[in-house]
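Please read the sequence and the model side by side. The paragraphs after them go from single elements to their surroundings.

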Amino acid sequence: MIGQRKDLLGLEDLMAEEIVSILDTARTFRDVLDRPIPKVPSLRGLTAANLFFEASTRTRLSFELAEKRLSADTVHFQTTGSSVSKGETLKDTARNIEAMGIHLVVIRHTAPGAPHYLARNLDAGVINAGDGTHEHPTQGLLDIYTMRERRGRIAGLRVAIIGDVTHSRVARSNIWGLTKLGASVTIAGPPTMIPAEVERFGVAVAKSVDEAIEGADVVNILRIQLERQRTILYPSLREYARVYGITSERLKRAKPDVTVMHPGPMNRGVEIAQDVADGEHSVILEQVTNGIAVRMAVLYLLAGHKAPGETAAETPAMEAKPTHGEPSLPPRR
Amino acid sequence: MPPKASVEQVREKAEILDGDGLRRAVTRIAHEIIERNGGAQDLVLVGIRRRGVPLALRLAKKIKEFEGIDPPVGALDITLYRDDLQTIAHQPVVSGTDVPCRIDDKIVVLVDDVLFTGRTVRAALDELIDLGRPKAIQLAVIVDRGHREIPIRADFVGKNVPTSRREVIMVNVEEIDGHDGVSIGEML
């Protein structure tokens, strides 16, 4: 169960029940965000380090807010102007940070597997905030959370993921999470951006965007990632917009109350048309708000991990109550 | 991820209140709340999850019966405010706080089944104060079993039961446990 995990590295590793337990916990934190004082003392005394070896605005801000809303102390680290530019290795950087008494590490890195490497080498909990083209689990979780809030369920949902699937860690985390929870996922995009044998992930590949959108409950539009492509995979942005861009005309093929999502930042007029981005179906800003709640849930659940050998101290009892029926609070010892 | 049902085995020793006894205690507390506050104006009842919630609903029903005013009822999940999060084995499940109205300038009656160390109430007070600025906060419990670890007392008590630390007080409510009553047990 997630409460026994030290790290969150990807949705590939999680069981369906663990994903559901994160989503349920996130709902409580979503309520906290609407309070007059949107802050709880749960992680008081813990310190989180946000290590960003790759540019990020919203993910970094979202994690920082989540940590602060939980009363954790936060420290930040960016590659520019740090000792990484002086030649320090990832492991040494991390060990130094750990020597400063950090409990949770949030890491974004260009190299797939960098968070896994840290997780193996540190006692601190590690959260993957995006590793190259591999996974971005908290983005996947917040997408799934938003879908569940909007559509009321995940099992049986028809989700279309449109765009550059090959270079998208968001797509990979979405696919792992959604298929585990029983959604049916269809992907579409330029053939150069669809990974070979992607059907093995349990998704369908549509021949065209129109085919993928047909009857969809959710359309999740991926960003064209110019920075992650070494070669040009399509002739021009204008052609991409014409063949693969989501317009309100195209959206008519989906369910009438379709939910439109985008992980941001958007290339308006390329993968998503202006009127779709700001339209009635768009939940793009809702995703951003939900992201804080989902990250609070992940931080809260991982903070409960105890390293092997480190036993929970005997605590003075709160009201001792044996529980009957299904308990919602744990036994207070 | 349901938490383990109970860490220790408990042997029930005696019934302190039966269903009727519990009902009478709730009725008396409802009268006392009205008397203390000169009516039911501006009252909000907030139950501490889990058993405080059905008890708060019952108190509200009685108050409506006696005064014709239906006070709002909320539920408080104090999990995120516990003072032992760093020392328990893994994070408890949070089921959410749900207080349906603003509590600013209201008289909040906090309701729980058992008052023991006082730590739960301490956490609940912190959470309430984050939700707003009530005119007053009062505490109603069905059983006060002693052994306070912090200076907290109840304004309304169903029954004072002197206990040893090895003993366990079980307040059972129909809504959760299938029957009403209060009994005392012993950890084995």
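Predicted model: local features only at pLDDT ≥ 70, side-chain atom pairs only at ≥ 80, totals over all residues.

Residues are numbered from 1 along each chain as its sequence is written, chains are lettered from A and ligands numbered from 1 in the order in which they are written, and side-chain values use heavy atoms, with hydrogens and water left out.

Start with strand β4 of chain B, residues 107-115. Helices (H or I, at least four residues) and strands (E, at least two) are DSSP runs, numbered from the N terminus. Buried means under 20% relative accessible area, with a 1.4 Å probe and protein chains only. Nine of the nine residues of β4(B) are buried, so the strand is largely enclosed by the rest of the structure. Two strands pair if DSSP finds at least two bridges between them. Strand β2 (residues 43-48) of chain B pairs with β4(B) in the parallel sense over five bridges, and B:V46 stands opposite B:L110 in β4(B). Strand β5 (residues 136-144) of chain B also runs parallel to β4(B), joined to it by eight bridges; there B:I107 has B:A136 as its bridge partner.

Helix α2 of chain B covers residues 52-67. The expected span of a helix is 1.5 Å times one less than its number of residues. For the 16 residues of α2(B) this gives 22 Å, and the end C-alpha atoms are 22 Å apart, which agrees. Its buried residues include B:V53, B:L55, B:L59 and B:I63. The buried residues of α2(B) pack against several elements of chain B, among them α1 (19-36), β2, β4 and β5. Contact means heavy atoms within 4.5 Å. Just after α2(B), B:G68 takes a positive phi of about 75°.

A separate open sheet has three strands in the order β1-β8-β7 (chain B), with antiparallel pairing. Its edge strands, each pairing on one side only, are β1 (10-17) and β7 (167-172) of chain B. β1(B) and β8 (residues 181-187) of chain B pair over six bridges, and B:E15 stands opposite B:S183 in β8(B).

A:L299 is buried, with a relative accessible area of 0%. Beyond its neighbours within four places in sequence, A:L299 is in contact with A:L43, A:A66, A:E67, A:L70, A:L104 and A:I127.

Terms used. Buried < 20%, exposed > 50% of the residue type's maximum accessible area, 1.4 Å probe, protein only.
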